[in-house]
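The entries follow the order in which I made them.

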Amino acid sequence: MVTLRKQYAVARPVYSEDSFAEDHEKIYRQRKTILDHMKEYLTCDSKRAKNAVLSLLPIIGWMRIYRVREWLLGDVVSGISTGLVAIMQGLAFSLLASLPPSYGLYTAFFPMLTYFFLGSSRHISVGSFPVLSLMVGAVVTRLVPENGPPANITGFEGLTPDQQRVLVASSVTFLMGIFQLAMGILQVGFMVVYLSDTLVSGFTTAAAVHILVSQLKFVLGLTVPGISGPLSLIYTLEKIFVQITSTNICDLVMSIVIMVVVFIVKELNDRYKAKLPVPIPIEVITTIIACGVSYGFNFEKIYDVDVVGKMVSGYESPIAPNMEVFQESAVEAFPIAIVGFAVAFSVAKVYSIKHDYTIDGNQVSYIYINPLKPKRFLLLNIFGASFRSFAASTALSRTAVQESSGGKTQIAGLISAMMAMIVTVALGFLLEPLPRSVLGALVIVNLKGMLMQFREILYLWRRDKPECVVWVGTCLGAILLGLDLGLALGLGVELLTVVFRTQFPRCSVLVNIPGTDLYRDRKDYLHILEPKGVKIFRIPSPIFFANIEFFRDKLVEAVGFNPLRVLRKRNKALRKIKKLLQKKDDAIAERGVRDLLHQMTDEFCMNVEDTELTANINVPRVDLHSLVLDFSAVSFLDSSALKGLKTTLTDYLRVDVDVYVVSCDACVLEKLRSCTFFDDEIGTSMFYPTLHDAMLHVHGLSALQLK
């Protein structure tokens with residue numbers, strides 16, 4: 001079937017940048033100064049004050065339009081479903097943070113309660129997140145090891161080991177919140193763009209491996225001390241395999257059964273989610289059954305199963321963070337803040353796209369998501385840490401449950417928090433016989449999504465090898481060196497790939513596609529029109545100090561000669577001829593000298609091979625009369641590139657090659673003017689708005705007339 005294509009014809013003058021400026025007057029905009037921005041930022045009126053209050057407390061806005069009959073039932077069902085998941089995840093992820101399970105319930109309550117008042121998204125569910133829990137746990141294990149004395153911190157005096165761990169976890173979380181608050185105030189939300197999807201995928205996959213290994217001791221019923229630092233995963237595996245013969249069979253069998261059952265039911269939930277009103281809360285069901293069986297058969301005494309034990313009843317008084325812990329953990333707290341920021345931003349992006357609202361990275365750091373772009377002055381983690389909860393963030397799994405089960409507003413989040421409060425205050429004792437191996441099994445089975453990301457290696461290798469290097473480098477670095485150093489290594493590898501792409505771009509020689517005003521890489525097409533004596537060179541990246549020499553080398557490779565060498569040889573030949581003329585050497589014919597001088601002063605349109613004259617004088621010939629540089633992809637030039645570019649253009653002009661620069665960005669052109677780039681040799685007349693304008697100028701309208 002023949003595709004009918006629309007035709008277009010344009011009749012206009014051939015423009016250079018100078019002639020275009022003559023025919024079309026440009027508006028020169030007055031840019032705001034820093035003082036203007038400050039005045040605008042600090043100016044306040046009644047409307048702005050009202051918006052500030054509504055943005056600080058979004059609950060005022062959405063509560064006024066709450067549709068009780070339409071939304072309340074869905075919020076209640078969603079809140080109960082999400083609350084059950086949050087409670088189980090809080091208990092399980094507290095093991096990752098090396099804390100007593102009851103403090104996981106704190107993390108399921110305080111951050112969610114804060115978000116109810118300050119959160120602007122109706123779909124986000126906040127609470128414990130496995131990667132952050134593991135990173136906090138690494139600090140807790142380092143400062144309060146299971147075997148050995150704790151760190152020399154004054155605030156530890158008179159506290160039990162569990163209380164010391166809680167103090168460390170809450171202090172690290174508080175410091176993490178301070179870092180995130182600073183990121184919001186300083187408007188550095190752009191930092192999240194450096195955490196690409198590839199890097200985050202590799203990092204979270206490595207975190208899943210760490211989480212899996214950390215839970216093996218609970219699943220196998222072994223006593224393995226927590227280890228932190230580089231190669232901690234290897235050392236942990238070594239200690240596990242040394243004790244593998246001491247595996248508690250009851251723990252192992254129970255964990256395997258629970259993992260199989262939970263996995264199967266979760267798959268059924270995914271397959272039939274369109275038909276199920278709410279997902280089957282299999283984690284809650286298995287936890288209740290495991291508690292009952294453990295209590296009925298006295299697993300703790302008969303089978304030596306490690307259980308949750310004494311649960312803290314009610315809420316303890318707030319505590320202040322410890323400044324010595326701040327000093328000891330600042331290096332770890334910053335990457336935890338970055339990861340929490342990135343995770344929250346990623347989840348925010350998913351739901352902003354799905355529900356058609358915008359997000360702002362600078363606002364995410366306040367309350368993680370901000371469709372209305374409000375300013376926040378308190379963070380979830382700062383408030384939660386004051387009440388002994390550990391690092392919280394959004395989680396795609398809980399958020400998916402809250403949304404899919406009918407949640408319309410943060411009333412669902414409030415009900416979820418209330419359920420955690422009820423368990424903490426009244427029902428916590430029922431969880432005391434729960435085997436820790438059950439919690440470990442629930443953690444492992446929930447790692448499926450992150451572990452399946454290993455499949456991305458083959459996909460990336462086939463489609464984008466530098467991205468694959470970033471993924472593998474980040475994942476291996478985080479596995480072997482630890483999550484904090486692994487994140488830094490991943491960022492380094494990612495930035496190196498960016499440098500590599502910009503420092504060594506894929507330059508190309510363009511040719512005309514016959515019958516069109518289009519120009520493409522000559523290596524990609526069979527039917528092309530390449531005008532004789534003209535070269536079109538394109539560099540698809542900014543030009544700066546790191547790639548200016550690469551640009552010059554590729555340009556020499558494209559045109560087939562080095563203009564500086566040609567100029568030197570010509571000058572050398574001219575000096576020899578002058579000396580021979582002064583000596584009146586009869587070996588040089590008068591006509592040969594006259595022809596040579598003619599070649600020296602006029603344009604060279606001859607073969608590139610050298611011409612050998614009498615007296616062994618060689619003069620390089622150049623078959624190029626016009627060089628066109630396509631700058632359509634050049635977004636900026638730095639000072640080093642300006643100097644190198646000017647030298648390059650001058651070299652070609654001095655060997656009688658006309659140079660044209662086309663499709664130059666207006667900002668780049670303005671910078672060339674402001675940096676006194678133009679002089680007697682290099683003028684603005686060399687610049688053309690489009691490539692076709694320059695080619696029509698070079699060869700005349702009839703040579704490239706559209707067919």
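I first looked up the charged end of K465, which sits over the ring of W461, 4.9 Å from its centre; the rule asks for NZ of Lys or CZ of Arg within 6 Å of the ring centre and within 35 degrees of the ring normal.

I note that this is a predicted model, in which local features need pLDDT of at least 70 and side-chain atom pairs pLDDT 80 or more, while totals for chains, interfaces and linings use all residues. Residues are numbered from 1 along each chain as its sequence is written, and side-chain values use heavy atoms, without hydrogens and water.

I then looked up aromatic pairs (rings of Phe, Tyr and Trp, the last by its six-membered ring, with centres within 6.5 Å; planes under 30 degrees apart are stacked, over 60 edge-to-face, the rest tilted). The count is 27. F504 and F550 are edge-to-face, because their centres lie 5.5 Å apart and their planes stand at 85 degrees. I found F504 in the loop between α23 (483–503) and β3 (508–512) and F550 in helix α24 (residues 548–559), 46 residues apart; helices (H or I, at least four residues) and strands (E, at least two) are DSSP runs numbered from the N terminus.

Which residues do ring pairs link into a cluster? I recorded Y103, Y106, F109, F110, Y315, F383 and F387.

Last, I checked burial (buried under 20% relative accessible area, exposed over 50%, partly exposed in between; 1.4 Å probe, protein chains only). F504 is partly exposed at 41%, whereas F550 is buried at 17%.
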